[in-house]
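Please read the following report with the sequence and the structure side by side, and look up each residue as its name comes up.

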Amino acid sequence: MKARPFTGTGVALITPFRKQQETVDFTKLEHLIENIVSSGVDYIVALGTTSEAATMTESERSAVLEFIVETVGGRLPIVLGLGGNNTLSLTDTITTTNFEGISGILSVAPYYNKPNQRGLMQHYRSVADVSPVPVLIYNVPGRTGVNITAETTLALAKECPNIVGIKEASGNMAQVMEILRQRPDGFSVISGDDSLTLPMLAMGADGVISVIANALPKETSQMVKLALKGDLKKALPIHYRLLPLMNAIFEEGNPTGIKALMETEGLINNVLRLPLVKASKPLTNKLTTLYNEFIG
């Protein structure tokens, strides 16, 4: 049986900013990476949605990626977020990117243009053709406005050897099950919703690309490892312990909630870039209460 890549817990890494001028706080980013690496997770996703890469300059994105690669130092695989709604521009970017230290790319479905399934097929074929590293599809219709159907996912999985998995964040469990039922050998199905991770693992999925793991990497990784071993009896209490925080961090969007939680932990300053804004006081208070209950 062919091994499935990117199993276990991947962390959708946030970007800490300084309070002054909202510049990247590399000191806190280093501490965050070290905490994550030492907590038993399996890989890191750099410059994904949670990183606020869309509000960074090109030079900032390059500097952050270089710093992550250097700090991780080969201790964990790194998956790079590379997506867009201009296929030609995206493939040009891929061909000019330095992939040293990068194990794969996570490529979100084209947003705003709302392509049909044939357009999605051709887009991902183009990405797979030029990528020197394995490609993970990212299906998140709540952000992109278009759903990648099970049929399209399965066709890409079977036709493109370089497309090795999907981060599924549609919330459509029937769709997830259809992909799991028919996927080819070696194709990974990864949860893109923290709260659905355990149900998806129980159905045969391979892991999660997690937001909550920025704040609680050890507990998230422990739950995933237990579930992958088939020990749902031990994984379930951890899932339910994490669930209130998993739900709360998304009440006002991502990474708004996770940054508020991480400031409560003392890991970062709660700074976001417009158009994102800090969590409201009621949500901040709720997260503080839930975190104190979690650790208490």
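Proline 255 sits in the loop between H10 and H11, where helices (H or I, at least four residues) and strands (E, at least two) are DSSP runs, numbered from the N terminus. The bond that joins asparagine 254 to proline 255 is a cis peptide bond, with omega about 10°. A cis bond also leads from leucine 274 to proline 275, with omega near 15°, and proline 275 belongs to the loop between H11 and H12.

This is a predicted model, in which local features need pLDDT of at least 70 and side-chain atom pairs count only at pLDDT 80 or more, while totals for chains, interfaces and linings use all residues. Residues are numbered from 1 along each chain as its sequence is written, and side-chain values use heavy atoms, with hydrogens and water left out.

Helix H11 (residues 256–265) is largely enclosed by the rest of the structure, because seven of its ten residues are buried; buried means under 20% relative accessible area, exposed over 50%, and partly exposed in between, with a 1.4 Å probe and protein chains only. The buried residues of H11 are Thr256, Gly257, Ile258, Lys259, Ala260, Leu261 and Met262. Their cover includes helix H1 (26–37), helix H10 (232–248) and helix H12 (281–295). Just after H11, glycine 266 has a positive phi of about 85°.

How are two packed helices described? They are described by the angle between their axes and the distance between the axes. For H11 and H12 the angle is about 55° and the axes are 9 Å apart; axes are lines fitted to C-alpha atoms, for helices over the stretch in contact, and angles run from 0 to 180 degrees between N-to-C directions. The contact (heavy atoms within 4.5 Å) is made by Gly257, Ala260, Leu261, Thr264 and Glu265 of H11 and by Thr284, Leu287, Thr288 and Tyr291 of H12.

In the loop between H11 and H12 lies valine 277, which, leaving aside its neighbours within four places in sequence, is in contact with Thr256 and Leu272.

The strands form a closed barrel of eight, E1-E2-E3-E4-E5-E6-E7-E8, with parallel pairing; two strands pair if DSSP finds at least two bridges between them. Neighbouring strands of this sheet are turned by 25° against each other on average, direction ignored. Strand E1 (residues 8–12) is joined by four bridges to strand E8 (residues 207–210), and the two run parallel; threonine 9 has valine 208 as its bridge partner in E8. Helix H4 (residues 117–130) packs on the sheet and touches strand E4 (104–108), strand E5 (135–139) and strand E6 (163–168).

Serine 107 has its place in strand E4. Leaving aside its neighbours within four places in sequence, serine 107 is in contact with residues including Leu82, Tyr124 and Ile137. In strand E3 (residues 78–81), Ile78 and Leu80 point one way and Val79 and Gly81 the other way, and all are buried.

Leucine 47 lies in the loop between E2 and helix H2 (58–72), whereas lysine 114 is in the loop between E4 and H4. The table lists accessibility.

| Residue | State | Relative accessible area |
|---|---|---|
| Serine 107 | buried | 0% |
| Leucine 47 | buried | 11% |
| Lysine 114 | exposed | 56% |
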